[in-house]
Structures are given as structure tokens and as C-alpha cells.
Amino acid sequence: MAHILHIDSSPRRENSYSRTFSNKFINFWKDGHPEDTVIYRDIGHEVLPYMNEKLFKAMFVAPEERSPELVEAIKISDIFVDEFIAANRYVFAIPMFNFNVPAIFKAYIDLIVRVNRTFAVVPEGYKGLLENKKMLIITSRGDTYHSGSPMAAYDFQEPYLRTIFGFIGITDITFIHIDSLMGDKNARTKSLEAANLKINYTVTNW
Ligand SMILES: Cc1cc2nc3c(=O)[nH]c(=O)nc-3n(C[C@H](O)[C@H](O)[C@H](O)COP(=O)(O)O)c2cc1C
């Protein structure tokens, strides 16, 4: 049985493509898998702390040595990490902002990539602590970055997401890029048609 963590991160609501498609995927998925559970988080409209002095300190102090102030500072990270570890599948909707993830999604990553919780330092280097997880990442982009296109080298988003989630042990990652959203109307229409096909395919093959 799947326990899915579904996260939207666009600051837009009705007009967000990434949000629309992640919701479409989750609704189709629930139809086919009514026994599965989904936890939803909209970090596009949640206040997440950016890294700060207390949080930084708390992350590198053993739990039993944390002062009440540090326990309080790390609470949100503990909640997010517990929630992340409890899931075995992830559906993340992430717009491209300046060739990478939105700052709010980076803030989320800074809260869940935690030593001895999601990765460990071992004699050989680092070890991701998550195993047997699957991730679907739906991105939305104004331009297009597919292999061979003029802007391909500007895509720091997919490589970054593969690296950071691979670092904590998640390597089974499927990407659906909804691109050309700010280009001409034909390109956008084609892109949305392709995204619909990819969503349908992924729902039956994930
Ligand atoms: C601050 C900002 C930066 C953006 N940077 C890029 C970019 O680097 N590349 C790109 O293709 N589109 C960029 N866009 C366009 C968005 O990726 C696009 O509008 C996307 O559809 C937004 O996601 P949403 O539809 O889920 O809200 C940017 C938009 C904003 C607001």
C-alpha cells in the first residue's frame, strides 16, 4: 500500500500549472488506489523558516543536549522529517524559478536533509538513509529545456533535485516537465497535451 506525500510549492493557486497537474495525478491515483493514503502540504502558502542561527545549532546538537529553546527551533524540521520518512511515495509539484527550485522549496529541503535522520556520515563518505521510495516530480517552466534545445544547459532544477534526493537515498525519480508555458500558444497547447499523456501514463505505470 502506498502512503503518498503530496506537496505543491507554487505561490499561485488557480492559475498554477504544476498544482493543476499534481492534483490531476493525485485524483486519478486515488480513483485507482482507494486504499492508499495521501498527506498534503501546500508550502506555496505555508510559512517555513529559512535557515537561522538556532535551527542551525539545533541540527548539529544531539537531541538529549538540546536546550528547550533549541527543541522549539527544530520542531518544524522534526515534523517535516517524520512526515517525509513515513511516506513511501512522493508527488512534488515544483515551478522553475531562475533555472532552479523556488526559494520556499529550497527552504523545505534545508529542513528535511538532516544528519542521522535522512543521511548519515559513514567511513566511506555519506549514506542516504531512505530506502525503497519512489518520487514523481512535476515541474512547470516558461521555456523549454529538453535535451538538445538551446536552453538545455540552463536546467539546474532537474539535476539539483536528482542530486539532493539521491543524497538521502531516493533514486527512483520520474520527472514530468510541463514546459513552454510562456511561449507561443501553439507550443503551450502541445506541451499541455503532452503533459496530460504523461500523467495518464504515469498513473498506470508508477
Ligand atoms: C520569479 C520567477 C522566475 C522564473 N524563472 C523561470 C526560469 O528560470 N525559467 C523558466 O522557464 N520559467 C521561469 N519562470 C516561469 C515559471 O516557471 C512558470 O510561470 C510556471 O508556470 C510557474 O509555475 P506554476 O504555473 O505552477 O505557478 C519564472 C517565474 C517567476 C515568477
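Author: Asn-116 is placed in the loop between H4 and S4 of this predicted model. Its phi is near 65 degrees, a positive value in a residue other than glycine. Most residues other than glycine have a negative phi. Asn-116 counts as exposed because its relative accessibility is 59%, and exposed means over 50%.

The loop that runs between helix H4 (103-112) and strand S4 (119-122) also holds Thr-118. Is Thr-118 buried or exposed? Thr-118 has 0% relative accessibility and therefore counts as buried. A polar atom of the side chain of Thr-118 lies 2.8 Å from the backbone nitrogen of Arg-114.

A positive phi is also found at Phe-99, where the angle is near 70 degrees in a residue other than glycine. Phe-99 belongs to the loop between S3 and H4. With a relative accessibility of 30%, Phe-99 counts as partly exposed, because that class covers values between the limits of 20% and 50%.

The loop between helix H3 (68-86) and strand S3 (89-95) contains Ala-87. Ala-87 counts as buried, because its relative accessibility is 1%. The C-alpha atom of Ala-87 is separated by 8.0 Å from that of Lys-133, although the two residues are 46 apart along the chain.

The account now turns to the ligand. The ligand sits in the largest pocket, and 17 residues surround the ligand. The closest of these are Ser-10, Ser-16, Ser-18, Met-96 and Tyr-145.

Which atoms of the protein lie 2.8 Å from a nitrogen atom of the ligand? A backbone N or O atom of Asn-98 is found at that distance from the ligand nitrogen. In the side chain of Ser-16, an N or O atom is 2.7 Å from an oxygen atom of the ligand. Gly-142 contributes a polar backbone atom, which is 3.0 Å from an oxygen atom of the ligand. Taken alone, the ligand exposes 640 Å², and the protein buries 77% of that area.

Note on methods: Residues numbered from 1 in each chain as written. Predicted model: local features only at pLDDT ≥ 70, side-chain atom pairs only at ≥ 80, totals over all residues. Heavy atoms only, no water. Near = heavy atom within 4 Å. Polar contact = N/O pair within 3.5 Å; in protein donor to acceptor, adjacent residues only side chain to side chain. Areas by Shrake-Rupley, 256 points an atom, 1.4 Å probe, with all protein chains shown as cover. 1 Å grid on protein atoms, 1.4 Å probe; cavity = no way out; pocket = protein on both sides within 12 Å on 5 of 7 lines; lining within 4 Å. Sits in = over half its atoms within 2 Å of the grid points. Helix = DSSP H or I, 4+ residues; strand = E, 2+ residues; numbered from the N terminus. Buried < 20%, exposed > 50% of the residue type's maximum accessible area, 1.4 Å probe, protein only.
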